Structure formats: C-alpha cells, structure tokens
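Thanks for coming. I have one model to walk through today, so let me put it up on the screen.

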Amino acid sequence: MPEIALQLDIAAPRAVVLAALTTHDGLTAWWTTGVDRDGDVLLFDFPDVPEPFRLRVERADRDRVVWTNAGSFPPHWAGTWISWELADQPATADQPGGSGQPERTRLLFRHGGWQPGSEEGVPAVAGTWAELLVRLKDYAQSGKVQPYFVTAHRHDAP
C-alpha cells in the first residue's frame, strides 16, 4: 500500500505547531475556513464538495497527532489515517535564538492506509498535502493566516 510521507523543519516551537494542528483557529489559518467538530470527529468543508471530510482524532499530544477517516467521503480516503509526528529541533549557534533552546520543530507528516484501487489518486493528494504543509509552516513561523481553501460555509466550533 502506498503512503505519503513528508518531513519539514519549522522555525517555531512545538507548542505553536501543535496548536496549528489541534485548534479551530489553527486549522482554519492554514487549511480550510470550514472546520467544525462533532465530539472527537473533525469536519472539514471544502469548496464545491458535497459533504465534509470526517476525521476522528485518535491522538493529540505534544509528540503526535493522529486522525483516522471516519466518513464515507471522499471514497478514495476510506480506511486512511493521517499522522503528524513532532520533535524539537534545537537552534544552532548560527540561527536566530541560537542558544540551543528548542525553538524549531521537525514535523513528519504521513497519510497512509490507502485501499487497493485508490492508489491512482495518491499522487494528486500528495501534491495537495505538500502545498498545505507550506501553508502550515508559514502560519506557524509568522502567524500569517492564509487558508488554502476558503468556503462559503464557515464553522464556529471550538
């Protein structure tokens, strides 16, 4: 089974990156303005999509955030999971704040569990994730809100 894996270093503390992955304000700042929550299931709305993507939060702590697909849409995401592994990366002497304090975060993103027959969609999904991770990094480093998807429907969930 294929798996999408992307790694990047972010010049922001782990707590900032974690908040971008686990809070309403964080998720709407870089991914989509249409974010809601139903218990432990995150609902993500996108333009011209008939129903939200439903991702169940399986884990969300300082080391790892894991979501599993909890809906029937999109069909090619059936059985998939998404994980975000976070690790401190100490600043070096030649970087801003180079005191050796963990001011940088290494993020390992993975999207796996693709079912047979859905593999042909993986390259397009990987490309979108790569663009999204650039937005996530920019938001964590600068605080600049720039969601990749802007929906007409806006949720006001916590």
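Where is V145 found? V145 sits in the segment after α3. A word on provenance before I go on. This is a predicted model, where local features need pLDDT of at least 70, side-chain atom pairs count only at pLDDT 80 or more, and totals for chains, interfaces and linings use all residues. Residues are numbered from 1 along each chain as its sequence is written, and side-chain values use heavy atoms, with hydrogens and water left out.

Back to V145. Buried or exposed? V145 is exposed, at 57% relative accessible area. The cut-offs: buried means under 20% relative accessible area, exposed means over 50%, and partly exposed is in between, with a 1.4 Å probe and protein chains only. Setting aside neighbours within four places in sequence, V145 is in contact with A29 and Y139. Contact here means heavy atoms within 4.5 Å.

Now the overall layout. There are three helices and seven strands. Along the sequence the pattern runs β-α-α-β-β-β-β-β-β-α. These are DSSP runs numbered from the N terminus: helices are H or I with at least four residues, strands are E with at least two. Of the 158 residues, 41% count as buried. Take contacts between residues at least 6 apart in sequence: 57% of them join residues at least 24 apart. The protein exposes about 7800 Å², and carbon and sulfur atoms supply 52% of that. Areas come from the Shrake-Rupley method with a 1.4 Å probe; for residues, only the protein chains shown count as cover.

Next, the core. In soluble globular proteins, nonpolar side chains tend to be buried together. How many residues does the largest nonpolar core have here? It has 37. A nonpolar core is a set of buried Ala, Val, Leu, Ile, Met, Phe, Trp, Tyr and Cys residues joined through side-chain atoms within 4.5 Å. W30, W31, F44, W67, W84 and W129 have the most contacts inside this core. Helix α3, residues 122–142, supplies the largest share of the core, eight residues.

Look at W129. Beyond four places in sequence, W129 contacts I4, L6, W31, W77, I82, W84, F109 and H111. Follow one of those, F109, into strand β7, residues 104–112. F109 counts as buried, because its relative accessibility is 0%. Its contacts, again outside four places in sequence, include I4, A5, L6 and L133. F109 and L6 are 103 residues apart in sequence, yet 5.1 Å apart C-alpha to C-alpha.

Helix α3 also holds E131. E131 is partly exposed, at 43% relative accessible area. Its C-alpha is 9.8 Å from that of W31, 100 residues away along the chain.

On to strand β4 and R59. R59 counts as partly exposed, at 34% relative accessibility. Outside four places in sequence, R59 contacts R64, V65 and V66. R59 and W84 are 25 residues apart in sequence and 9.9 Å apart in space, C-alpha to C-alpha.

Two backbone points. The peptide bond from F73 to P74 is cis, with omega near -5 degrees. P74 lies in the loop between β5 (64–69) and β6 (81–89). Then D48: its phi is near 60 degrees, positive in a residue other than glycine. D48 is in the loop between β3 (41–45) and β4 (53–60). D48 is exposed, at 82% relative accessible area.

Last topic, the pocket. How much space lies in the largest pocket? About 230 Å³. The grid is 1 Å over the protein atoms alone, and a pocket is an open set of points where a 1.4 Å probe fits, with protein on both sides within 12 Å along at least five of seven lines. Points are joined across faces, edges and corners, and the volume is the space filled by probe spheres set on them.

Lining residues have an atom within 4 Å of a point. There are 13 of them, and F46, F53, W77, T128 and F149 are the closest to the centre. Helix α3 gives the most to this lining, five residues. By type, the lining has eleven nonpolar residues, two polar and no charged. Nonpolar covers Ala, Val, Leu, Ile, Met, Phe, Trp, Tyr, Cys and Pro; charged covers Asp, Glu, Lys and Arg; the others, Gly among them, are polar.

That's my tour. Over to you.
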